[in-house]
Amino acid sequence: MAKTALVCGAGGFIGGHLVKRLKQEGFWVRGADIKFHEHAETEADDFALGDLRDQRFVSQVVDRRFDEVYQLAADMGGAGYIFTGENDANVMHNSATINLNVLDACYKRNIKRVFYSSSACMYPEHNQLDPDNPNCAEDSAYPANPDSEYGWEKLFSERLYLAYNRNHGMQCRVARYHNIFGPEGTWTGGKEKAPAAVCRKVAEAPDGGNIEIWGDGLQTRSFLYIDECIEGTTRLLRSDFEGPVNVGSEEMISINDLARMVIGFTNKSLQINNVPGPEGVRGRNSDNRLIAEKLGWKPQLPLAVGMQKTYNWISAQVLPQQDRDAA
C-alpha cells in the first residue's frame, strides 16, 4: 500500500517541487492551497483548493491519516513585500493562523510527523550587520531580534510546533530555509526573491542597457537550489532530529556579484545601477555544521549551476510576456 503525504502550500514554488518528488517516490499525495500552481500542472493525486486560514477547510483537508505532512503554506515574498512594512499585519495574521489550524488539525487526527518550513529571517539582526561575517548558527537565535515581522512570526511558529512535540507527543520537524530558488518560482509581480528578480531584469534588459539593484549591492546572502531544498526537507522529516536546523547553502555572495554572475550567462553588456530600496540585513549565510552532524548531509550544488538553470527558465518566460505586453 502506497504511503500518503499532505503538502500544504502545494500551489507554491517549493510545494510544487515537493509534490513531484513525493510522486517519484511512490507516495499518494494530496495538495492543498488557496491557488493552483502558476507555472506547472500539479502532479498531486488530489488537490484541495481553499483557504487554510479557515478551520473548516483545514478539517476537510486533514480528514485521514497521512504518513507525512509538509506545512509550507505562508504569506511571504521577496524584500519588496517583506521589508517595506506595508504587509506586516497580513503576514503575521495569515501565516500564524495557517500554522495554528494545520498543526492542531494534525494533532486531533493523531498525525505525528509534520514538517514546518521556518526561515533564516528569524535570526537576530544584530548578528547580521557584517556582510562578510554573519552569524546564523542555530544556537544564535536568542536573544531574539528578527529584522522583520515575517521573522517574528516564523519564530513564534517554530516554538508552536516544538511545544506540540513536548506537550502532545508529536514528532514535528523544523527547518530554517535560506533563500530557496529555481525554475517554476515567482519571477515577477513584486513577490519574487532576489535570484528571480535579477534573472528577470537581465533577461528583460537590452544589450547595452542597465539593471537596478536595491542598496549598494554589497549586502550578502547565500541561496539554495530547489532540488537540494527538497532533499534536505525529506531527510529531516524522516530523521530522529526535530531541529530547528538550517537548510541552506554556505556559498555566500554579494547581490552585485550575483547580478554579474547572471549577466555572464548572456552575451549582453549591462551596467549595474545601485538605487535606494529595501535591503534586509547586511549579511546572511547558512551555517551547515549542525545539519552535517545530525543528518550526515549538507547541500553541495554550486550556486552558478542552479542560477544558470533558473536564468534559462525565466528568460524563456520573459519573451512571451514582452510579446503579450506589446500586443
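Predicted model: local features only at pLDDT ≥ 70, side-chain atom pairs only at ≥ 80, totals over all residues.
1. Aromatic pairs. The count of aromatic pairs in the model comes to seven. In one of them, the ring centres of Tyr-70 and Phe-115 lie 6.0 Å apart and the planes meet at 45 degrees, so the pair is tilted. This pair links distant parts of the chain, since Tyr-70 belongs to strand E4 (residues 68-71) and Phe-115 to strand E5 (residues 114-119), 45 residues apart. Tyr-70 is buried, with a relative accessible area of 0%, and Phe-115 is likewise buried at 0%.

2. A second tilted pair. Phe-265 and Tyr-311 also form a tilted aromatic pair, with 6.4 Å from centre to centre and 50 degrees between the planes. Here too distant parts of the chain are linked: Phe-265 lies in the loop between helix H8 (255-263) and strand E13 (271-275), while Tyr-311 lies in helix H10 (residues 303-326), 46 residues apart.

3. The ring cluster and charges over rings. Tyr-70 and Phe-115 are joined with Tyr-177 into a cluster by ring pairs. Elsewhere, two tryptophan rings have a charged residue over them: the charged end of Arg-64 sits over the ring of Trp-28, 4.8 Å from its centre, and Lys-201 lies over the face of Trp-214, at 5.7 Å from the ring centre.

4. Helix H1. This helix (residues 13-24) has twelve residues and reaches 17 Å from its first C-alpha to its last, which is close to the 16 Å expected. Nine of the twelve residues are buried, so H1 is largely enclosed by the rest of the structure. Among the buried residues are Phe-13, Ile-14, His-17, Leu-18 and Arg-21. What covers the buried residues of H1 includes strand E1 (4-8), strand E2 (28-33), strand E4, strand E6 (173-177), strand E7 (180-181) and helix H7 (226-237). Just after the helix, Gly-26 takes a positive phi of about 95 degrees.

5. Strand E6. Five of the five residues of E6 are buried, and the strand is thus mostly covered. In a regular strand the side chains alternate between the two faces of the sheet. In E6, Arg-173, Ala-175 and Tyr-177 point one way and Val-174 and Arg-176 the other way, all of them buried.

6. Strand neighbours of E6. E5 and E6 run parallel and are joined by five bridges, with Val-174 in E6 as the bridge partner of Tyr-116. Together with helix H5 (residues 149-168), E5 and E6 make a right-handed β-α-β unit. E6 also runs parallel to strand E11 (residues 245-247), to which three bridges join it; Arg-176 stands opposite Asn-246 in E11.

7. Ser-118. This residue lies in strand E5 and is buried, with a relative accessible area of 2%. Leaving aside its neighbours within four places in sequence, Ser-118 is in contact with Lys-154, Glu-158, Val-174, Ala-175, Arg-176 and Tyr-177. Two of these contacts, Lys-154 and Glu-158, can be read against helix H5 (residues 149-168), and Tyr-177 is a member of the ring cluster with Tyr-70 and Phe-115.

Terms used
Residues numbered from 1 in each chain as written. Heavy atoms only, no water. Phe/Tyr/Trp six-rings, centres within 6.5 Å; stacked < 30°, edge-to-face > 60°. Helix = DSSP H or I, 4+ residues; strand = E, 2+ residues; numbered from the N terminus. Buried < 20%, exposed > 50% of the residue type's maximum accessible area, 1.4 Å probe, protein only. Lys NZ or Arg CZ within 6 Å of the ring centre and 35° of its normal. Expected span 1.5 Å × (residues − 1). Contact = heavy atoms within 4.5 Å. Pairing = 2+ DSSP bridges. Right-handed = clockwise from strand over helix to strand, strands pointing away.
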